[in-house]
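Hi,

Here is the model I promised to pass on.

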Amino acid sequence: MTNPKEEIRLQKEPFSTMAKVIEKETIDQLRGWKPPGFAYILFELPCMYGIGAGEFRRGFSLCTMNVENRPEQQERFYYLTRKGARPLHYGNFPRHDDPDPRRAQKAKMHTGPDLVNPWDDMARLVKSQMARDGGQVAIKEANTGLQAKLDEARAEIENLKKKKVTNV
Amino acid sequence: MPVANITELANSNTIGNALSAVASPAFVKGTIAMNHLMAEDLPVQTNVKKFRKNGSLVAAIVAEATAQAVDANGELTDTAATCTAAKAVVVSGLSVEEQKFGTIDLARVGTEQFAAISRYVDDDWLSQFSNLSTVVTSTSVMTIDDIMQGQLAIYNAKCPNQEVPLSIVLGPRAVYNIKKEIIQSGAAAFSNSAMLGVFGGQPVQANGLVGSITGVGDVYQTTGFATGGGDDTQAIVHPMWAHCGIFDTAPVSWLANKGSEGFYTEVASYYFYDIAEWNDGAGAALKSDT
């Protein structure tokens with residue numbers, strides 16, 4: 001059964017994320033994805049999908065962490081990364097020089113005597129995790145490329161074998 | 001210059017005209033979270049509490065006269081989920097005119113602030129459904145089979161206390177589609193009392209309970225789910241082991257009379273709490289059309 005709403009959504013361009021996304025399932029989920037109005041971190045979370053008749057398959061889903069009113073959520077961030085979640089993007093973090101005065105005020109209110117905006121701290125954490133994940137993504141991408149070449153070579157060998165049999 | 005956002009006389013219904021005996025309540029979401037997670041008190045002299053997760057050992061058989069060394073199977077490791085208390089706050093100002101001549105008093109402001117805080121806590125719990133690693137995505141709308149797949153995932157994860165009915169937390173649209181599925185499944189099923197449990201005795205009870213799906217769990221209805229890709233992220237969770245939280249006994253309110261900043265009373269309420277995912281295997285996200 002096809003879902004017309006889903007078909008329309010899949011026609012849309014995927015949301016452009018800071019971290020590179022290579023999983024097709026995640027790319028599809030990012031099609032038509034709209035960032036929330038609050039400060040957030042977007043993750044790609046490995047998960048098991050129920051596909052009916054008691055069967056499950058491995059896949060990926062998107063999840064957002066709300067950091068609008070609580071910038072100090074490193075514990076939750078680490079919990080998600082321990083589960084294999086990969087930060088893809090973050091946004092709407094209140095800044096001291098935010099054009100919206102209410103958000104600028106919020107950033108200043110959460111700032112301690114060290115004058116460090118806690119959302120900047122969180123952004124640094126997200127970026128460092130993205131950098132760490134980047135290496136893994138590059139390896140995965142290279143592996144996918146090599147696997148494709150291997151599959152191509154195998155198919156060619158099969159073709160050549162068939163040709164040889166035909167020639168005899 | 002007047003102070004902004006103060007609750008003033010113009011914000012209330014005054015008796016220039018006669019007022020009705022009953023005021024319509026605000027159309028805001030109900031709160032249901034507390035019955036579906038392991039709640040403990042705030043810790044003392046620290047704002048962090050670790051919710052322990054027991055590890056287990058693995059037994060083996062050895063042949064006669066064979067030694068068995070200490071190995072990984074015998075190493076017992078406990079882990080924990082961490083809750084760090086955060087404070088949910090609301091601050092309001094009530095002008096002296098409103099207090100003197102209006103119909104909104106300080107007690108009413110306090111009550112509304114507490115309700116706002118409870119909605120915030122509730123939404124925090126709902127937002128954690130998208131962190132669950134098991135996901136059942138409906139082809140379009142929610143079906144009983146989707147819910148049963150979620151239940152299967154929880155049982156497959158060997159979640160303890162399987163005698164406890166699971167909590168199925170859905171939005172109104174998903175509940176509508178579940179009811180519709182039961183009604184349209186045929187006269188035999190519709191007349192089967194076991195199937196009618198989901199209708200409960202009344203549409204939705206105060207704690208969000210809609211009814212039970214026999215052999216699966218209790219269905220609760222609420223709003224405020226995280227959305228993504230045109231889907232609401234709802235969930236089926238084990239009420240004891242999926243999520244945990246630390247909660248203050250009650251919100252605290254402060255009153256401060258202001259003069260030089262404008263004549264009003266500041267009502268500031270705060271509440272310390274935190275909610276965390278305790279066991280990923282004790283819950284499954286259920287995604288269906290928003």
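Predicted model: local features only at pLDDT ≥ 70, side-chain atom pairs only at ≥ 80, totals over all residues.

Met48(A) sits opposite Thr134(B) in β6(B). Residues are numbered from 1 along each chain as its sequence is written, while chains are lettered from A and ligands numbered from 1 in the order in which they are written.

Back to Thr134(B), which counts as buried because it has 25 C-beta neighbours inside 10 Å. (Buried is 20 or more other C-beta atoms within 10 Å of a residue's own, exposed is 12 or fewer, partly exposed is in between, and C-beta atoms are placed from the backbone.) Leaving out residues up to four places away in sequence, Thr134(B) touches Cys47(A), Met48(A), Ala153(B), Ala284(B) and Ala285(B); a contact is two C-beta atoms, placed from the backbone, within 7 Å.

The interface as a whole takes 26 residues from chain A and 24 residues from chain B. On the chain A side, α1 (4-11), β1 (40-50), β2 (56-66) and α3 (74-82) each supply at least two residues. That side splits into 11 nonpolar, nine polar and six charged residues, with Ala, Val, Leu, Ile, Met, Phe, Trp, Tyr, Cys and Pro taken as nonpolar, Asp, Glu, Lys and Arg as charged, and the others, Gly among them, as polar.

Now the cores, meaning sets of buried Ala, Val, Leu, Ile, Met, Phe, Trp, Tyr and Cys residues joined through C-beta atoms within 7 Å. The largest has 75 residues, and those with the most contacts inside it include Phe43(A), Ile168(B) and Val219(B). β1(A) gives this core its largest share, six residues. A second, separate core of six residues includes Ile6(B), Val109(B), Tyr264(B) and Val267(B).

Strand β8 (residues 209-213) and strand β9 (residues 217-221) of chain B pair antiparallel over four bridges, with Ile213(B) opposite Gly217(B). Three residues lie between those strands, and Gly215(B) has a positive phi near 80° in that hairpin. In the other, strand β14 (residues 264-277) of chain B pairs antiparallel with β13(B) over seven bridges, and Ala256(B) has Glu266(B) as its bridge partner. Here five residues separate the strands, and Gly262(B) has a positive phi near 120°.

As for overall shape, chain B has a radius of gyration of 25 Å, whereas a compact globule of 290 residues would have one near 19 Å (taken over C-alpha atoms, the globule rule being 2.2 Å times the number of residues to the power 0.38). Of its 290 residues, 37% count as buried.

Finally, confidence: chain A has a mean pLDDT of 88, with 97% of its residues at 70 or more. (pLDDT is the predictor's confidence in each residue, from 0 to 100.)

Cheers

Technical notes: Pairing = 2+ DSSP bridges.
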